[in-house]
Amino acid sequence: MKRLLFILPLFLFAACKPKPKVEAAADTRTSGQVRMLVDESFSNVLADQIEIFKLDYPDTKFELIQGNENKILPTFLNDSVRVAVLSRMLTPEEEQAYKKRSIPIFTTRFAIDGIAMITGNSNPDSTITADEVVSILKADGKSQKKLVFDNPYSSTLRYFMVLAGIKTLPKEGVYTLQNNNDVIKYVAEHKDYIGVVGVNWLIQDNRDMASFTSEVKVLAVKNSKGKPGDDAFYKPSQKNLIDGIYPFLRNVYIINAEGKNGLGTGFATWLVSQRGQLIVLKSGLGPNKMVPRDLNIRTKN
């Protein structure tokens, strides 16, 4: 009995003894963790990239902060998060905060996205010109068509405001909702409207949206005179993105200001590697560069 009373406290002591902490993986190009800001327009293709990257390098952890470009950019500029995926490069003024602290900024294009113009299947129109889109945005009265964007803070809307050279949206003819799915639903149910969504978002495998995506069609677009794609109407197919003849193209960049040789740097390098570019190709977007194919010729002995 005395022996049992002696052993029992030992078991209680062992049970109460704190477990040793598991050390986090060292912060290198292929291990550790990174926080990353992501324009939600590119969340799908980036999720595919991270999934494969983690298979290659399991000691990695990504914390993604998704949002609209205008909403997430200040977080990068005030140094809260140092890696971002956006549809544009930083301006020289925006880079100043990092330059003052001698922190280099590395910007890498890893994909080419197209912005699709969609409308309901009941709409008889199947084409539109870039000039007509600009006309709607300027509200000059030359077109009666209406445009619907995802939200007022998105990179998609910014792209077209820059294209049209406007600072504010007209009171009529151009409308904003909450997100890309809302745009798809809206134009599926309102035939007189043209929705504006990223190609990557449109071709994603989203079962919840299948009933709506089946009710919309993609318009072919003809570019303004003197620009690539001004000779015919083109849809945002992957080939047309790669050839640069679809009028509404935008680059996808990863901007890295880690200031060290960490996971953000490793991931940015991996995105433009052969493996990363193959995933871009599979997603339906245009890769930063074409991935060469090896030709294996078998000979009989």
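I took buried to mean under 20% relative accessible area. The model I examined is predicted.

**Entry: Arg88**

I looked up Arg88 and found it in the loop between strand 3 (83–86) and helix 4 (92–99). Is Arg88 buried or exposed? Its relative accessibility is 17%, so I recorded Arg88 as buried. I then checked the side chain of Arg88 for partners and noted a polar contact with the side chain of Glu94, at 2.8 Å. Setting aside neighbours within four places in sequence, I listed Glu69, Leu73, Glu94, Arg158, Tyr253 and Ile255 as the residues in contact with Arg88.

**Entry: helix 5**

I next turned to helix 5 (residues 130–138), where Ala130, Val133, Val134, Ser135, Ile136 and Leu137 are buried. I asked what covers these buried residues. The cover includes strand 4, strand 5 (127–129), strand 6, helix 6 (155–164), strand 7 (174–176) and strand 10 (220–222). After helix 5 comes Ala139, for which I noted a positive phi, near 55°.

**Entry: helix 7**

For helix 7 (residues 180–189), I recorded Asn180, Asn181, Val183, Ile184 and Val187 as the buried residues. Viewed down the helix axis, these residues fall within an arc of 160°, so they line one face of helix 7. I found them packed against strand 4 (106–120), strand 6 (146–149), strand 8 (193–198) and strand 9 (216–218), as well as helix 8 (199–202) and helix 9 (210–213). At the start of helix 7, I noted that a side-chain oxygen of Asn179 comes to within 3.1 Å of the backbone nitrogen of Asn181.

Conventions
Residues are numbered from 1 along each chain as its sequence is written. This is a predicted model: local features need pLDDT of at least 70, side-chain atom pairs count only at pLDDT 80 or more; totals for chains, interfaces and linings use all residues. Side-chain values use heavy atoms; hydrogens and water are left out. Buried means under 20% relative accessible area, exposed over 50%, partly exposed in between (1.4 Å probe, protein chains only). Helices (H or I, at least four residues) and strands (E, at least two) are DSSP runs, numbered from the N terminus. The arc is that of the directions from the helix axis to the C-beta atoms. Contact means heavy atoms within 4.5 Å. A polar contact is a pair of N or O atoms within 3.5 Å; within protein, one must be able to donate a hydrogen and the other to accept it, and residues adjacent in sequence count only if both atoms are side-chain atoms.
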